[in-house]
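Hi everyone, thanks for making time for this. Let me put the structure up on the screen, and then we can walk through it together.

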Amino acid sequence: MPNKPKEPPAERWLLRLYVAGQTPKSVTALANLKKLCESHLAGRYEIEVIDLLKNPKLAAGDQILAIPTLVRKLPTPIKKIIGDLSNETRVLVGLDVRPA
Amino acid sequence: MKHRPLTTAATPGIAKCPTGIRGLDEITNGGLPKGRPTLICGAAGCGKTLLAMEFIVRGAREFNEPGVFMAFEETGKELSDNVASLGFDLPALIRRKKVAVDHVRVERSEIEETGEFDLEGLFIRLANAIDSLGAKRVVLDSLEALFAGLPNEAIVRAELRRLFAWLKQKGVTAIITGEQGEKTLTRHGLEEYISDCVIFLDHRVTAQVATRRVRIVKYRGSAHGTSEYPALIDERGLTVLSISSLGLTYPVSTTHVSTGIPRLDAMLAGKGYWKGSSILVSGTAGSGKSSIAAAFADSLCARGGRCLYWSSEESPSQIARNMASIGFDLGRHVRKGLLRFHAIRPTLYGLESHLVALHKIVTEFRPEALVMDPITNLSAIGDDAEIKGMLTRVIDFLKNQSVTTIFTSLTSGGSAIEQSEVGVSSLMDTWLLLNMIQSASERNRVLYLLKSRGMAHSNQMREFVLSNKGIDLVDVYVGPGAVYTGAARLSQEAHDKTEALVQRQAEERRQRELAQESRNLQAQVAALHTRLANIAAEQRLAATLEKQRADTAQRAEAQLARARKAD
């Protein structure tokens, strides 16, 4: 009996966006991120927004320096992107997303 | 833990934050500007991180000011390990919430720029660290990493400007370290943003000897020392030598301190050296300079005083052994902690570093006396002018501390002994010259005082001997003529004695002769007197007989007249 090649399991994307309050850059970044995820990672992503003004101690854990910073926690390896994510190509390259 | 009170500068002006680093607080007139950022720049390996870490640790330990150390280049563990050798227990301070160390990793490969950003993350981390500790001191070491790691320099510069304004607003005293640039103070021009206080650390190698120097480039709102000050990093941290040139305003003593050789005391107005003065003992090889210095140290320690013995030629055990052979037991003083040896080859580091090291030991050990034996070895690391400059500073410093100092100096036998010391001797209050006199195929030691400021001193050349009972000055030769030494002196003394004896005998003989003659004459006189008496008696007898004859003749004549019936 021929073996059916298994489909690669759907990747689960966990993205964490670090912001500092509701600054214009942070709002822009979140909007851009949502748009990007919907277009390229529909159905398999999860966005976490961490407001460092409310939880400053979390900045040290992921070595956050710049705001906004987007951290791709899953899939590993961890990748970091800084900026308001307006440059979509760069974001995709940085996150290593194959455009849908 | 001991807490030192925070003091601001004596003169009105900006408030200062004392660093606790020896010497740095002196040259900055009280410390770094409080509540403002200070830039510490220098080449790689000159001690910027060390200075910054010492600032934080001492602030926590000695001034009760918690501090935050943001490290961009080393991890927390690396920093802890590096400063452990200085006695800074960083993990303990972190546990007690006195110090926070935050390692900020800026990895260019990890960061992808995708639009506008700012460094609010850094601000948040810094604010969090400061607030959680109530920190008053902050170090950022070093911000160069931001330029290297982040892609957009314009944003970095803008954010740095914002950062320093924010730090000032927070009221923390901050130290920023920066790497030295080609033509600018720092590679990325950090001095544009931090202009309140800039300190430059230098690590130069001249003639194969490395010296560290500290210079305050600028300090707004405060007077500060402007020269380059030598600095030393050792097992206790950074020390800056704050005395570049002292005024001649040291206190003087009116008490004397014994030389350790009673008859030498007698040559020095009967009492010894002035306390706190500088004494030069110079002489040719083997003339006994170290022995004189050891005699002084021994007698001082025996009275309970502390003495520091700086040796650049022999090891402490060798000195102790050699001095034991002339009856000075220096070992027991060492064991009691009264005598401390500091033996070091001059070529180990530069003149400046020797000065700093000496300064450090004297400040810590607080001796009453110091022996530097010999100082001529310093010529290996500096020329005459430099050595004189260093010794001037040493003597100024020691006189301020009222430390009596003996310097021994080797002179070469050929040249006139006094001439070779002319550079250094003007710094000395007392100058003892030792010489070996050659006569009749033997050499004997003599000493004489060339000068001793402020006291009546002997001008005689005295012979001295070293025996296993110590140093002794031989009795002054009081015979006529020149002073003899050694065997020649003994023979001369014997000769003198013989001559004196001969003369005395001749004198006695003469006396006897005269006495004899006197007696003879006196006998003659007595005989003449007797004759005179005899003649007088005869005279009287003759007169009596004549009278008797005359009487008898007259009576006979009268009788005859009667018989002849003279009518």
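This is a predicted model: local features need pLDDT of at least 70, side-chain atom pairs count only at pLDDT 80 or more; totals for chains, interfaces and linings use all residues.

Leaving aside residues up to four places away in sequence, A:L36 touches A:E88 and A:V91. There is also A:L92, which is 56 residues away from A:L36 in sequence, yet 8.6 Å away in space, C-alpha to C-alpha.

Let's zoom out to the whole of chain A. It has three helices and four strands, and from the N terminus they come in the order β-α-β-α-β-β-α. The chain has 100 residues, of which 31% count as buried. If you take the contacts in chain A between residues at least 6 apart in sequence, 65% of them link residues at least 24 apart.

On to the partner chain. Chain A brings 26 residues to the contact, and chain B brings 21. On the chain A side, α2 (58–61), β4 (79–82) and α3 (88–95) each give at least two residues. Sorted by class, that side of chain A holds 15 nonpolar, six polar and five charged residues.

One last thing to look at: β4(A) runs parallel to strand β6 of chain B, residues 111–113, and three bridges join them. Within that pairing, A:I82 stands opposite B:E113.

Terms used: Residues are numbered from 1 along each chain as its sequence is written. Chains are lettered from A and ligands numbered from 1 in the order in which they are written. A residue is buried if 20 or more other C-beta atoms lie within 10 Å of its own, exposed if 12 or fewer, and partly exposed in between; C-beta atoms are placed from the backbone. Two residues are in contact if their C-beta atoms, placed from the backbone, lie within 7 Å. Ala, Val, Leu, Ile, Met, Phe, Trp, Tyr, Cys and Pro count as nonpolar, Asp, Glu, Lys and Arg as charged, and the others, Gly among them, as polar. Two strands pair if DSSP finds at least two bridges between them.
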